[in-house]
Amino acid sequence: MNLGLKGKNALITGASKGIGKSIAMKLAEEGANVAICARGKDSLQATEKELIKKGINVFAQTCDIGNTKQFDAFLDAVKDTFGQVDILVNNVSALSLGDEYSDWETCINIDLLGSVRATRKVIPWMIESGSGNILFISSGSGLEAGSPPAYAAAKAAIISYSKTMAIQLAPKNIRVNTIAPGSIEFPGGLWELTKTENPPLYDWALNSIPSGRLGTPEEVGNVAAFLVSPCASWVTGTCLCVDGGQHKANL
């Protein structure tokens, strides 16, 4: 499908595997140049090699998003390399699922503030270029009660922040949207591990999905590419569930 993304410059945080990687791959398939970061060097390099095969420009750098100076340097390096950033995908998550004070600190610093830092950094660049797209990856956990509290609270805050930014940035021709994935399974991911180590929890998640299976990162990547493309030009301030019907509330 031609989504009109050829030649655009996209930046995806936490993109060495899972949902982030799938978004990067889909954008690359559509002809967008891609910048990615992650903490794990080996997986990042492997993803970089896959992206290069798509025939687009790729910038990859290991980065701890919790380290403000390091993250800021990465963002500046992307701007220096590509000249401008047309698409920002705030995907990174610490996946800190406990309820200790340290879990709260981690979720706020990585999931929420990491996304805020990147957003605040690229907004002036997008205003200067005359347009832009910002996409936040939240979670179904941010929409309803029942998930680990620190993780859920951070993901809910992301939805709120993205909606506020959508209103503020619409006059600047910058669209801002959010995706709330449901339970997504992939090799090495949380739900694959859960399937082995905690079968009752896995079965609970599976039984909560009317479509009868867990989702794939590629299914989220397809939706993400659409939302940041000209095909979704009149969509902003939206939080879109990608979950096979797992989230059942009216709002």
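## A buried charged pair

Lys26 forms a salt bridge with Glu30, with the closest N and O atoms 3.8 Å apart. Both residues, Lys26 and Glu30, are buried. The model is predicted. Side chains of opposite charge can pair when their charged atoms come close.

## A link between distant parts of the chain

Glu29 and Lys54 also meet through their side chains, in a salt bridge of 3.5 Å from N to O. This pair links distant parts of the chain. Glu29 lies in helix H1, which covers residues 18-29. Lys54 sits in the loop between helix H2 (41-52) and S3. The two residues are 25 apart in the chain.

## Other salt bridges

A search of the whole structure finds seven salt bridges. One of them joins the side chains of Arg213 and Glu219, at 2.6 Å from N to O. Arg213 has 43% relative accessibility, so Arg213 counts as partly exposed. Glu219 has 31%, so Glu219 is partly exposed as well.

Some salt bridges share partners. Through them Asp72, Asp76 and Lys121 form one network.

## The sheet

How many strands form the open sheet, and in what order? Seven strands form it, in the order S3-S2-S1-S4-S5-S6-S7. The pairing is parallel. The edges are strand S3 (58-62) and strand S7 (239-242). Each edge strand pairs on one side only. From one strand to the next, the twist averages 15°.

Strand S1 (residues 9-13) and strand S2 (residues 33-38) run parallel. Five bridges join S1 to S2. Thr13 stands opposite Cys37 in S2.

## A helix on the sheet

Which strands does helix H8 touch? Helix H8 (residues 217-227) packs on the sheet and touches strand S5 (132-137), strand S6 (174-181) and S7. The direction of H8 makes about 165° with that of S6.

Notes
Residues numbered from 1 in each chain as written. Predicted model: local features only at pLDDT ≥ 70, side-chain atom pairs only at ≥ 80, totals over all residues. Heavy atoms only, no water. Pairing = 2+ DSSP bridges. Helix = DSSP H or I, 4+ residues; strand = E, 2+ residues; numbered from the N terminus. Axes fitted to C-alpha atoms, helices over the stretch in contact; angles between N-to-C directions. Contact = heavy atoms within 4.5 Å. Salt bridge = Lys/Arg side-chain N within 4 Å of Asp/Glu carboxyl O. Buried < 20%, exposed > 50% of the residue type's maximum accessible area, 1.4 Å probe, protein only.
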